[in-house]
Amino acid sequence: MAHLHDSGYKYLFSHAELVQELLETFAPPGVSELLDYTTLRLESGNYVTPAMKPRADDLVWSVELQGRRIYLYLLLEFQSTPDDTMPMRMLQYVAALYDHLLRSKAVDIADGLPPVLPIVLYNGDARWRQSSELYSLIRPHPLVLKPFQPQLKFWLLDEGAFAAAELEDMQRVMAAIFCFEHTPDTAAAKRAIRSLADAIAKSPFKQRLDRVLAHWVKYRLETRMPGLNTPDADELTRGIKMLETNIDRWEAQAIARGVQQGIQQGMQRGIQQGMQQGVQQGMQLGEALLLQRLLTRRFGELSAAQQAKLAAATPAQLETWGDRVLDAASLDEVFGDTRH
């Protein structure tokens, strides 16, 4: 799954317009305004690290900064957890890039090596708490040795660390992409896609981005929602309404399948425990799924604790919460003590 995700992002960032979007929205402070985006150029990523391992997975772009060409090393990291050794890995990759530039005579050492901005785009579930600096991994040592230690720092973009509201307020294409990637349910996914379409409509690259992101969203939705019927529109902004309708239809079918599966599982267990108990368990699962959908539509995404509370609820609790869902002003009023 990480490989499929990686391929989708490589497709996005092989387009200069989206690299520009990424840098304008999330680059280190003070960098973006110095770049001449008309000079963006995708470089070859086929080179060999000092450990003799070929590197063709990441993306390398170059761009002029105040009249001098610099290199942007974009490393796409889609493991589920952060990598403690990332600063060391990045040092190898940057060294390999310099070696490639010298061997291919793209740069002349007499003119000095070009600056490199290493960027790690991380999409994992756990938040990144590890250091982004190589020097912090080298310890302990006397200060007299400090000048001789390698120093490198990468710019980290931990997508999941941004709150959905913060990303929505940015009203930028790349922020909407980050938001879409971390939506917990179909309602949030539809909001993120709508935000993405709105950001595309405001972009100076609308025509280009509309087509690129229509293909990418279709690819990602079909990965996350198997069986979803995605419209064949070449522009995301034109196919958004049909896409939302199809997502609703897919969700309803998924709930129905969940109810049926619950009934079937309950009936199988009922061979030993009684058929009636099995059917009740299946129906209870369906009621919990339907109530979760209603609550999400009224109050937004549920926390993990609230979802667990629904899953563990008794039939009486589900009935009480279902009666409250239309009139309650908040989730706290829905989940108030039922004394069951």
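Trainee: At what angle do helices H5 and H6 pack?

Mentor: This is a predicted model, in which local features need pLDDT of at least 70, side-chain atom pairs count only at pLDDT 80 or more, and totals for chains, interfaces and linings use all residues. Residues are numbered from 1 along each chain as its sequence is written, and side-chain values use heavy atoms, leaving out hydrogens and water. Helices are DSSP runs (H or I, at least four residues) numbered from the N terminus, and H6 spans residues 186-202. The axes of H5 and H6, which are lines fitted to C-alpha atoms over the stretch in contact, with angles running from 0 to 180 degrees between N-to-C directions, lie 8 Å apart, and the packing angle is about 170°.

Trainee: How are H5 and H6 therefore oriented to each other?

Mentor: Their packing angle is about 170°, and angles over 145 degrees count as roughly antiparallel. H5 and H6 are therefore roughly antiparallel.

Trainee: Which residues in H6 do the H5 residues meet?

Mentor: On the H5 side, Val173, Ala176, Ile177, Cys179 and Phe180 take part, where contact means heavy atoms within 4.5 Å. Their partners in H6 are Ala189, Ala192, Ile193, Ser195, Leu196, Ala199 and Ile200.

Trainee: Is Lys190 buried or exposed?

Mentor: Lys190 is found in helix H6, and, leaving aside neighbours within four places in sequence, Lys190 is in contact with Glu244, Ile247, Asp248 and Arg297. Its relative accessible area is 14%, and the cut-offs (1.4 Å probe, protein chains only) are under 20% for buried, over 50% for exposed and partly exposed in between. Lys190 is therefore buried.

Terms used: Helix = DSSP H or I, 4+ residues; strand = E, 2+ residues; numbered from the N terminus. Parallel < 35°, antiparallel > 145°, perpendicular 65-115°, else oblique.
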